Every structure is written in structure tokens, then in C-alpha cells.
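Here's a quick briefing to read with the model open beside you. Take a look at the structure first, then come back for the tour.

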Amino acid sequence: MSHDELLVRRAQRGDQKAIDSLLRENYDVVRAVCHRIIINSADADDATQMALIAIVRALPAFDGRSKFSTWVYRIATNAALDELRRIRRRAIPHDDDTFASLPVADGVGAVDAQLDVSAALAQVPEEFRVVLVLRHIADLEYDEIAVILEIPVGTVRSRLSRGRAQLSALLGNPGGAHERHIPDTGGQS
Amino acid sequence: MSDFEELDPSIEKAMRHVPPASAATRDAHIAAALAEALPQRRSTVGFMNHRARALGAVAVVLVLLLSGVSVFTGGTTPSNNIATPDTTMPVKAGTSCSQELSSQMSNKDDVKEFTHNGAAFAVIMRDDKVDVYPSTPPCSTLGALEYRDALAARDTETSQSGGTSVCSYTTEPIARFADSASGDSYNLVLVQTDSGLSMHFEDRCDSPIASLDLP
């Protein structure tokens, strides 16, 4: 039994230390998924909180049929999408302080790059942004993304293609996009 | 990557780089989530919004730490699980201790009932130990079978021979489950004896790793 499997098993039995370890090991990626999908820092933190709570609540139901990390990404994604729905209901205008609360990472250049990609991602339509995050932050395969978002693999592929093209264009097309026309196969979502 | 297109590596790198949360934020988030795993606190935190919940959870943890309860210790203390109280629990009228225990556990299978000398008891499988309660209020722990040291000792054995591979019991074991100290996971069996309870490795019937006499 692997370290992760053992940890999950102990956590499912209510072992507080194991739950704590699981949450800490997955915290950064949960937070990254939420921040990149939601953009607004405070809302993303709320989503991160809700995702962690959802993980704890759902732990007993985790059946091991998927990788634990995939299961965590699914919960984080759902928490982020739920938060986006709440944001839409609140109808709050774009938060100018979105990035102001982000701590300085490593110098001015890094902050500029951070603002650029965050601002660019904010302009990418949500349906494209979510697949970009799941692919490029969570490292999920197309079929895993398809399962999480309950859309066909072909739709994942086309949304990724469009999302990459839009993001590259918004960022001044650094390095150039390897453009190919990908039809929106299986278009329903 | 087998993508139709690649994302420029510099963009992917920038996407991945989400500035880390402050330690305080991270700890607050995790504490709030852990508070969800503390069954007796669920009803109170459910009414709070997320930020208040995080602050409340930090307060809970601070109170627990100040009162000497270890929540997140990584040490070898055998009993540091605060998921449910170890002493007396308030029980609703008409509720048995086992029902109350079950309601507080995420996994209902961790609570078992049995009778001994005509009296009913309940056991709850916690981390590294089994707590024993009477079946009816007052629900004070009667004792515990602690076996962490036995698991840790087996981890260090050079030979992992399992002794007899199949054990037979005169009565059906109360519980079979797996647990570990910090290494391998072992299948354990909780059986009833003439004097009370004893715990064995499932593949070693010869001697108990913990036992408890019952009235």
C-alpha cells in the first residue's frame, strides 16, 4: 500500500493527523486551481476553503476508483465553479484590488508576469479557462478533464486549443502559438 | 504531451506560479476544514460564512492547544485523536451510546456493539486504539485497547513471517480492520474472551497485542 493510499485510508477512519497531512499535501494545488479559475483573490480563497471542507466531508465516500489527486482536483474545480456562480449572482463589478493582495513572489519582474497572466486569464472565457487550468496546472489528461467537467474528450480538446490561442494572443503571443484549427467536436457541455 | 497545440512554456510557468498563501491563511483554511471533521462542532460552524469559519476554527485550535490538547502533533503519543471525546458524552434521551458514537463518526463501521456477561457494550475503532463504552448512558469510556507500540514493533521486525496464516475463533470476532503505526498497515482482529476483549494481528493468533478486562 502506497504512502498516499495509507494516508487516505487513515483519514477515512477519522485520523486527524492523516486528514491534516492530506490537506497540507494538496493545499497548494487546490488553491492554484481555485485562483486560476476564479481570478479574484478573496473569492478564490473562499473557494479554497470550501474545497478543503468538501474534501473532508467527502473523504468517507472516496472509493479509490480514481487517483486521489484527480478526485481532489474535481472537488477543487467544483468548488471554484460554485464560487463563480455565487459571484455571478452577487453581480459585483470587476475587483480592481484583485491582485493587490497577492504577496510579492520574487521581485518586480515576477509580479509583472503574475499580473499579466492573471489579467489575461481573466479575459479568457470561463469554459476555456477551466480546461486550461486543469490541463496546465493540475496536469490532468484529456479524459480525466472530460470526466471532471462531464463533457466529451473532443470538447476538452477544442476548448484547450481555443483557450491556448486566446491566452497566447492576450499575452502578445510569446513564443508563438502552434496554431491548428480544432473543430468544437461534441460541442454540447 | 500529445496535445494538438502546446502552450508556450513561459505562459505555463506563469500560470502555475500562484503566489503562496501566507502560513496564517493556509493554517486557517486547514483548521477550518479539520473543524468539519470534529463532529461535535459541525452544528455550530455550519452557520458561519467561510472567513468567519476559518477564524472560528483558528480560535478552536488555539483553545485546544492552550488547554493542553494536542491536535496536530507528529509525536508518538498513542492517543491524540480528538475526533470524539474520550470521557463522558452528552447523549440525547432515548439514544444509546453506540448510536451517539455512530452519529459522531464519519465511518459508521468504526463502531460495534457486543454483549459480555449479559451487559451491552460498544467499541469504537480509533487511530491506534479501540475505546470501550457501555451501551447505555452514561457514556463514559471503560477503557481502551492500545496497540500502537505493537504495530511499531512489528514494523521493525527483520522477518515478517506471519505465524499461523489462518486463525479460528470460538466466537465471531467483534471487528476486523486494518491499522498502522507509521509504517505498514496490518489486519487486526478484536475478539471477545472470557474476561473481556483482546486484540490480535489477524495472522498471529498466539498472543494478544492488547487486552482489556470487562465487568
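Let's start with chain B: buried residues make up 46% of its 215 residues, where buried means under 20% relative accessible area, exposed over 50% and partly exposed in between, with a 1.4 Å probe and protein chains only. Keep in mind that this is a predicted model, where local features need pLDDT of at least 70, side-chain atom pairs count only at pLDDT 80 or more, and totals for chains, interfaces and linings use all residues. Residues are numbered from 1 along each chain as its sequence is written, chains are lettered from A and ligands numbered from 1 in the order in which they are written, and side-chain values use heavy atoms, leaving out hydrogens and water.

**Chain B overall**
- Chain B has 6 helices and 8 strands, taken as DSSP runs numbered from the N terminus (helices are H or I with at least four residues, strands are E with at least two).
- From the N terminus on, the elements go α-α-α-α-α-β-β-β-β-α-β-β-β-β.
- Of the contacts in chain B between residues at least 6 apart in sequence, 45% join residues at least 24 apart; a contact means heavy atoms within 4.5 Å.

**Nonpolar cores**
- The largest nonpolar core has 68 residues, and A:Leu23, A:Ile37, A:Leu149, A:Leu167 and B:Met15 have the most contacts inside it. Such a core is a set of buried Ala, Val, Leu, Ile, Met, Phe, Trp, Tyr and Cys residues joined through side-chain atoms within 4.5 Å.
- Helix α2 (residues 16-38) of chain A gives the most to this core, with 12 residues.
- Another core, of 22 residues, lies apart from it and includes B:Val132, B:Tyr147, B:Tyr186 and B:Leu197.
- Leaving aside neighbours within four places in sequence, B:Met15 is in contact with residues including A:Arg36, A:Val117, A:His136, A:Leu167 and B:Leu7.

**Helices to look at**
- In helix α6 (residues 126-136) of chain A, 9 of the 11 residues are buried, so it is largely enclosed by the rest of the structure.
- Among the buried residues of α6(A) are A:Phe128, A:Arg129, A:Arg135 and A:His136.
- In helix α2 (residues 23-36) of chain B, the buried residues include B:His29, B:Ile30, B:Leu34 and B:Glu36.

**A sheet in chain B**
- 4 strands of chain B form an open sheet in the order β1-β2-β3-β4, with antiparallel pairing; two strands pair if DSSP finds at least two bridges between them.
- β1 (111-116) and β4 (143-146) of chain B are the edge strands, each pairing on one side only.
- Strand β3 (residues 129-134) of chain B is joined to β4(B) by 4 bridges, and B:Asp131 has B:Ala144 as its bridge partner in β4(B).
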